[in-house]
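The structure is shown below.

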Amino acid sequence: MEQTIDPSLGPVLARTGDERAVLESFLDFHRGVLLRKLRGLSDADAGRRLVPSATTLAGLVKHLTLVERNWFPTLLAPEPGDVYLTSEEDAVASFVLGEQETVAALVEAYERACARSRAVAASFDLDHVVPHPQLGQVSLRWILVHMIEETARHAGHADILRELTDGECGAI
């Protein structure tokens, strides 16, 4: 039996779009996949460690919230006091959950960070270049491709963790 692809999915809608539409639709698709992995889970289930590392479903959302802030507002449109985080310690800490952090609050923070990222990115052409503290010059195009990779990779982690939690799997 042949399966059809949901024609309402962003990447499908953008399949003949310009470069920016394609990049943004794939990034938004993977952002949505990550959030769907948390749907219906309790705070305890989302924070449960199922692998040897500190990676949890809730921790992935917390981490990607920091990543969104780091790559878009902090790098492209920094405000006074913004610091681009580059250390391994910062990366590890971004997965660690505080006792009071809930799935609802983490999802809300991620959605706000993504909305801010979209707004910041919309202010620049894909060829806009900014200095990066480790890489030298990077363009918005490169940032978008990197964020697709980063978000998709962690959405894959989330898929595995969700399957280990209750058997749910799949991107949609």
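## Basis and conventions

Helices (H or I, at least four residues) and strands (E, at least two) are DSSP runs, numbered from the N terminus. The model is a predicted one, in which local features need pLDDT of at least 70 and side-chain atom pairs count only at pLDDT 80 or more, whereas totals for chains, interfaces and linings use all residues. Residues are numbered from 1 along each chain as its sequence is written, and side-chain values use heavy atoms, with hydrogens and water left out.

Helix H7 covers residues 140-166. The expected span of a helix is taken as 1.5 Å times one less than its number of residues. Just after H7, Gly-167 adopts a positive phi of about 90°.

Burial is assigned from relative accessible area: buried means under 20%, exposed over 50%, and partly exposed in between (1.4 Å probe, protein chains only). The buried residues of H2 are Arg-20, Leu-23, Ser-25, Leu-27, Phe-29, His-30, Arg-31, Gly-32, Val-33, Leu-34 and Leu-35. Their cover includes helix H1 (10-13), H4, H6 and H7.

## Helix packing

Two packed helices are described by the angle between their axes and the distance between the axes. Axes are lines fitted to C-alpha atoms, for helices over the stretch in contact, and angles run from 0 to 180 degrees between N-to-C directions. Angles under 35 degrees count as roughly parallel, over 145 as roughly antiparallel, 65 to 115 as roughly perpendicular, and the rest as oblique. Contact means heavy atoms within 4.5 Å. Residues are classed as nonpolar (Ala, Val, Leu, Ile, Met, Phe, Trp, Tyr, Cys and Pro), charged (Asp, Glu, Lys and Arg) or polar (the others, Gly among them).

Helix H2 (residues 19-36) packs with helix H4 (residues 57-76) at an angle of about 155°, and their axes are 11 Å apart. H2 and H4 are therefore roughly antiparallel. H2 contributes Leu-27, Arg-31 and Leu-34 to the contact, and H4 contributes Leu-60, Val-61, Leu-64, Glu-68 and Phe-72. These residues divide into six nonpolar, no polar and two charged.

H4 also packs with H7, at an angle of about 175° and with the axes 10 Å apart. This angle makes H4 roughly antiparallel to H7. The residues of the H4 contact with H7 comprise 15 nonpolar, six polar and three charged.

## Salt bridges

Side chains of opposite charge can pair when their charged atoms come close. A salt bridge is defined here as a side-chain nitrogen of Lys or Arg within 4 Å of a carboxyl oxygen of Asp or Glu. By this rule the count is 14 salt bridges.

In helix H2, Arg-20 and Glu-24 lie four residues apart, about one turn of the helix. They form a salt bridge whose closest N and O atoms are 2.9 Å apart. Arg-20 is buried at 19% relative accessibility, whereas Glu-24 is partly exposed at 28%.

Asp-127 forms a salt bridge with Arg-141, with the closest N and O atoms 2.6 Å apart. The pair links distant parts of the chain, 14 residues apart: Asp-127 is in the loop between helix H6 (103-122) and strand E1 (129-132), and Arg-141 is in helix H7. Asp-127 is exposed, at 55%, while Arg-141 is partly exposed, at 25%.

Within helix H7, Asp-166 and Arg-162 are four residues apart and therefore separated by about one helical turn. Their salt bridge has its closest N and O atoms 3.0 Å apart. Asp-166 is partly exposed at 42% relative accessibility, whereas Arg-162 is buried at 8%. Elsewhere, salt bridges that share partners join Asp-28, Arg-31, Glu-68 and Arg-118 into one network.

Thr-151 is found in helix H7 and is buried, with 0% relative accessibility. Not counting residues up to four places away in sequence, Thr-151 touches Leu-27, His-30, Arg-31, Leu-64 and Tyr-110.

Val-145 also lies in helix H7 but is partly exposed, at 44% relative accessibility. Val-145 and Leu-57 are 88 residues apart in sequence, and their C-alpha atoms are 23 Å apart in space.
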